[in-house]
Amino acid sequence: MVIYGVYIVSKSGGLIFNYDHNIPRVETEKTFGYPLDIKLQYENKKVVVAFGQRDGINVGHVLLSVNGSPVTGRTTEDGRDVFEVVEIKENYPLSLKFGRARATTNEKIVLASMFYPLFALASQLSPVPKCSGIESLTADTFKLSCFQTLTGVKFIIVTDPNMQGSEVVLKRIYELYSDYALKNPFYSLEMPIRCELFDTSLHTLLELVEKSGTGNL
Amino acid sequence: MTIHNLYIFDRYGSLLYYGEWNRSKQSGMSREEEGKLMYGMLFSIKSFVAKISPLDPKDGFMHYKTTKYTLHCLETPSGLKFVMNTDNQAQGVRELLKRIYGEIYVKYAIRNPMCGIGEPIISEIFKNKLDAFIKQTPIHVRAS
């Protein structure tokens, strides 16, 4: 039982809580000779692989470090431009580390508001009457389960594809939300949840599920 | 267990074929518009999945489930999309879609000299073969 992340979306579609549980790191470091057989590109303030997928380095992976010094934006730690560094023959052999980019908080907000129309479209395009929106969405690497409360708040968890009983976990998170967020006098509706008690009990719940499954919830 | 309907899209998003078997609710728009909406949703789901996935996805999106139906999607390497709506009990729909691709689409649409690539499939034999294929599968049982 692996839970990768928990998201809570308010009834107006805004992300009010997110928590990354344990997302595995996908990183590969490799030494390259001149000329570099991978085509790099600068997009969204990151240097990404645009072409030349091989040895665990996939298109879309982000350049993390050059010769061990971390890359921020398009410059290395000592202020050199990455694209200039990889062009110069004298710099080779060059050790480059690539990895799968993790979603930033901004990207998570975008993702959460992207799920909202998908949920609505799923019920509009239904071939049968009186149908709800998406309850679970499965891809080859993960399964997303969603539970919408009567008031329109959506609880979303991302788990591994073989996860069973995610409905129970979602119901338990709903309980925690009503106990520690809604009943908190300092919490105002539709606003991001910043309640310590909620955080700690959510962590306890996720650890429990990870260790002993959903059987005894 | 029921199969509701099937959409086939090409890689540019045009609806090549639509077939329905047990559909009890129409979406209230023209078939063309519905196709566009469906493709738009799948396109967004694809990019959503690529971003939220904790690991690098290979096949990507496979199916989603609502209270009443399940939508299965098969994307071929050439970008064709086979989308089938079934009820929630249906099993092995992905294999079924692969067989529709290999045994019906390739055989009666691609190899048909009268069917242009990227044009809607109007071939009568494709329709009949697909109907016969769907009706003999164990998933398909008439709801009525």
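This is a predicted model: local features need pLDDT of at least 70, side-chain atom pairs count only at pLDDT 80 or more; totals for chains, interfaces and linings use all residues.
Residues are numbered from 1 along each chain as its sequence is written, chains are lettered from A and ligands numbered from 1 in the order in which they are written, and side-chain values use heavy atoms, with hydrogens and water left out.

**View 1. Ten strands from chains A and B form an open sheet.**
The order is β2(A)-β1(A)-β11(A)-β10(A)-β9(A)-β3(B)-β4(B)-β5(B)-β1(B)-β2(B), and the pairing is antiparallel. Helices (H or I, at least four residues) and strands (E, at least two) are DSSP runs, numbered from the N terminus; two strands pair if DSSP finds at least two bridges between them. At the edges stand β2 of chain A and β2 (15–20) of chain B, each with a single partner strand, so one side of each is left without a neighbour in the sheet. Neighbouring strands are turned by 10° against each other on average, direction ignored. Such angles run from 0 to 180 degrees between N-to-C directions, with axes taken as lines fitted to C-alpha atoms, for helices over the stretch in contact. Contact here means heavy atoms within 4.5 Å. Helix α3 (residues 166–182) of chain A lies across β1, β2, β10 and β11 of chain A, at about 135° to β11(A).

**View 2. Strand β11 (residues 154–159) of chain A is mostly covered.**
Six of its six residues are buried. Buried means under 20% relative accessible area, exposed over 50%, and partly exposed in between (1.4 Å probe, protein chains only). In a regular strand the side chains alternate between the two faces of the sheet. Here A:K154, A:I156 and A:V158 point one way, while A:F155, A:I157 and A:T159 point the other way. On one flank, β1 (residues 3–9) of chain A pairs with β11(A) over six antiparallel bridges, and A:V6 stands opposite A:I157. Strand β10 (residues 143–148) of chain A is also joined to β11(A), by six bridges in the antiparallel sense, with A:Q148 opposite A:K154. A hairpin with five residues between its strands is formed by β10(A) and β11(A), and A:G152 in the turn has a positive phi of about 95°.

**View 3. Strand β9 (residues 136–139) of chain A pairs with strand β3 (residues 61–65) of chain B.**
Four bridges join this antiparallel pair, and B:K65 is the bridge partner of A:S136 in β3(B). In β10(A), A:S136 stands opposite A:S145. Within chain B, β3(B) and strand β4 (residues 70–75) run antiparallel with three bridges, including one that partners B:H63 with B:H72. These two strands form a hairpin with four residues between them.

**View 4. The whole structure holds 19 aromatic pairs over all chains.**
Rings of Phe, Tyr and Trp (its six-membered ring) pair if their centres lie within 6.5 Å; planes under 30 degrees apart count as stacked, over 60 as edge-to-face and the rest as tilted. One of the pairs is A:F17 with A:F198, edge-to-face at 5.0 Å centre to centre and 85° between the planes. A:F17 lies in β2 (residues 15–20) and A:F198 in helix α4 (residues 196–212) of chain A, so the pair ties together parts that are 181 residues apart in sequence. A:F17 is buried at 7% relative accessible area, and A:F198 is buried at 0%. The rings of B:Y39 and B:F43 have centres 6.4 Å apart and planes at 35°, so this pair is tilted. B:Y39 is buried at 13%, whereas B:F43 is exposed at 55%.

**View 5. The search finds 20 salt bridges over all chains.**
A salt bridge is a side-chain nitrogen of Lys or Arg within 4 Å of a carboxyl oxygen of Asp or Glu. A:D81 forms one with A:R74, the closest N and O atoms being 2.9 Å apart. A:D81 is buried at 16% relative accessibility, and A:R74 is partly exposed at 31%. As for our opening pair, B:E34 lies in helix α1 of chain B and B:R23 in the loop between β2 and α1, so the pair ties together parts that are eleven residues apart in sequence. Both B:E34 and B:R23 are buried.
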